[in-house]
Amino acid sequence: MTDAVRVESLYRTYDAGTPVTALDGVSAAFAAGTFTAVMGPSGSGKSTLLQCAAGLDRPSAGRVFLGGVELTATGDTAMTKFRRERAGFVFQDYNLLSALTVEQNVVLPLRLAGRRPDRGRVRAVLGTLGLTERAGELPERLSGGQRQRVAVARALVGEPAVIFADEPTGALDLRSAREVLALLRTAVRDFGRTVIMVTHDPMAAAYADTVLFLADGRLAGQLSAPTPEAVAAHLTELVAA
Amino acid sequence: MIAIALRTLRHRPGGFAATFLSAFLGASLLMAFASLLDTAAGADEASAESLGTTASVAGGWCLVIVVFAVTSTLSLAVRQRGEQFAVLRRAGATGPQLRRMIVGEAVAVAVLAAAVAVPVGLASGRVLLGLLKDTGQVAEGVGYAFGPVALAAGFGVTLVGAVIAGFATSRRTSRMGVKRERPRARRIAAGLFLGAAAGCAVLTATVMDGKGIDAMQTAGQAGIWGSIGLALLAPELLRLTGSGGQLASAVMPVTLFSGIATGTVYMQGIEDDAAAGQIRPDYARDIQTLNYVVVGMITVFVAIMLVNTLIAATVHRRREFAQLRLAGATRGQVTTMVAGEALRVTVTGILAGSAASLFTILPFGSARTGEIWPSATIAPYAVIAAIAVLLTATATLGTTRRSIRGPALLRA
Ligand SMILES: Nc1ncnc2c1ncn2[C@@H]1O[C@H](COP(=O)(O)OP(=O)(O)OP(=O)(O)O)[C@@H](O)[C@H]1O
Ligand SMILES: [Mg+2]
């Protein structure tokens, strides 16, 4: 079976004045139908890894495979088209379009891909995330947590094979956070999707099958069948090291 | 796709007001001048020739200015929404899709502007014809016509300008990831314009020496090319005065305005002095009128561009102002800071414009009167500088005051 996502010796440096190495040789494979959490200290390169793996950013060196196709070998337009067919992305800073309503934001990737949104599906996703009442509102009228749920709905609505989620519960209260996590787990268990999620919360990481740890742009350990306690312990070690 | 574009356009129509206004004014003027060619089709030979000259000379300048104004206002409107386009990009829009959106918006604005410009162009063309008849250039009996040439010029130039501007802007926006500023291309363009200016200036002082009023053609061009060249160097000029490149977009219109206005007004002044007591060719009065029309026209366009740029720059910094206020700055402190920046913009722009105007004034003086430095008073220059200061001050302080009104907290 091919991996849903595979990255090979990824490097990503930013040259803003002093060069920063955000990814320093990361290789990892994410099998189809698995739920992986990515954890690590702030600035360890988690968002960068997710963005490179999803074809949102180009690594400085290394290769990225999405569904067996090498993204790093294609041009911008082809990469975008492939990404929007295959992947959904929940951004750490939401990335909603201020001119569009909640519902329009949710179906935007589908519309851009020339796909007709399934109304029933859209309503169901909005309902599950508690956004039914807000469907016609503009993002600026929403609270931070509501915006985050819109971002989650947008990643889920197209039923992509891979869902990348960058701290999808960062702005949520305990109950909404659990609902979002349960939703992601259902997508994996019942629908065979692949989820890769960045989080700082050991509770959230415990929903995953595997936890990958990142420190200073490098892999720093892995946990299978994680419990919140085991995750917290590993994180404490990382920070102490 | 276009539907999304139009929705974002409706959401923030303010950003496109300046593009619309400059496209509208530009199309009106172009139609007015081009209708003289429609009129010429039904006129006697002498009248037709005079109409043709007026239309092509003044209309040609009009074209340069319109394209410049539409391009700069449009690219500003697009750049202002850079964040929105980045979001679209991340939501899965491809480069070509974004390009279609941006060009689509530009075309929508241009078509609307050109359509609204038809009655205004028609009326202004009639006034122009009246002017030419009054000075005896065109026979009384010639009837006014507004036809295919006027419409084609008005719609054609505005549309083509918008499409080109849209493509150029979207190329910059639709690239994935990092924003690329290309100072090299800008500097090369500036060099070419300054080269053209120097060429025209030398031509004026040598070949056109003794040709009288005809030297105005090349002398006028020298100043306009010089102004555009120096305007393109705005970031470098600002660095010379020790401020950041952030204000560069505001220096451009000030430079264009003070350069072209000063050059043209003093050139006409030199001409008037030189011709005093001489018998002037019939068309000298036409040219005089046209020169002032051109200066007026440029003033209006530049005022739009300047106010637009400054408003955009200030609105763009609303967040910065809000953070300053949250950090404890009073409104007075923010206003003082902005006023200082506005002053630097104005001074830099006026100085650059004055330098550019010399491309016109010095060679024309040498060709027309044999004196390089004009004997005219400083009064017109003072008026031009005052207009530049007034425009900058009003636009900057007005917008700043509006964006920092109320309590410090501002929701993003
Ligand atoms: N656009 C950028 N330009 C320059 N440096 C960047 C950029 N984006 C990220 N970095 C740097 O790359 C490193 C990794 O950033 P990244 O956003 O991947 O961290 P992260 O693990 O997601 O952190 P957090 O948990 O705070 O979100 C950091 O040192 C950051 O400063
Ligand atoms: Mg991050």
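Colleague: Which residue in β2(A) stands opposite A:V5?

Modeller: Strands of a sheet pair through backbone hydrogen bonds, either parallel or antiparallel. Here A:V5 has A:F30 of β2(A) opposite. Strand β1 (residues 5-16) of chain A and β2(A) run antiparallel, joined by 10 bridges. Two strands count as paired when DSSP finds at least two bridges between them, and the elements are DSSP runs numbered from the N terminus (helices H or I, at least four residues; strands E, at least two). The model is predicted: local features need pLDDT of at least 70, side-chain atom pairs count only at pLDDT 80 or more, and totals for chains, interfaces and linings use all residues. Residues are numbered from 1 along each chain as its sequence is written, chains are lettered from A and ligands numbered from 1 in the order in which they are written, and side-chain values use heavy atoms, without hydrogens and water.

Colleague: What is the strand order of the sheet that holds β1 and β2 of chain A?

Modeller: The order is β2-β1-β4-β5 (chain A), an open sheet of 4 strands with antiparallel pairing. Its edge strands, β2 and β5 (69-70) of chain A, each pair on one side only. α1(A) packs on this sheet and touches β1, β2 and β4 (61-66) of chain A, its direction making about 120° with that of β1(A). Contact is heavy atoms within 4.5 Å; axes are lines fitted to C-alpha atoms, for helices over the stretch in contact, with angles from 0 to 180 degrees between N-to-C directions.

Colleague: Which strands stand at the edges of the open sheet of 6 strands?

Modeller: That sheet has the order β6-β7-β8-β3-β9-β10 (chain A), with mixed pairing. β6 (87-90) and β10 (218-224) of chain A are at the edges with a single partner strand each, so one side of each has no neighbour in the sheet. From one strand to the next the twist averages 15°. β6(A) pairs with β7 (residues 162-166) of chain A in the parallel sense over 4 bridges, and A:F89 has A:F164 in β7(A) as its bridge partner.

Colleague: Which residues come nearest to ligand 1?

Modeller: A residue is near a molecule if one of its heavy atoms lies within 4 Å of it. Of the 14 residues around ligand 1, the nearest are A:S42, A:G43, A:K46, A:S47 and A:T48. α1(A) gives the most to this shell, with 3 residues.

Colleague: How many Å separate a side-chain N or O atom of A:S47 from an oxygen atom of ligand 1?

Modeller: A polar contact with the ligand is a pair of N or O atoms within 3.5 Å. For A:S47 the distance is 2.7 Å, and a polar side-chain atom of A:H200 lies 2.9 Å from an oxygen atom of ligand 1.

How values were computed: A polar contact is a pair of N or O atoms within 3.5 Å; within protein, one must be able to donate a hydrogen and the other to accept it, and residues adjacent in sequence count only if both atoms are side-chain atoms.
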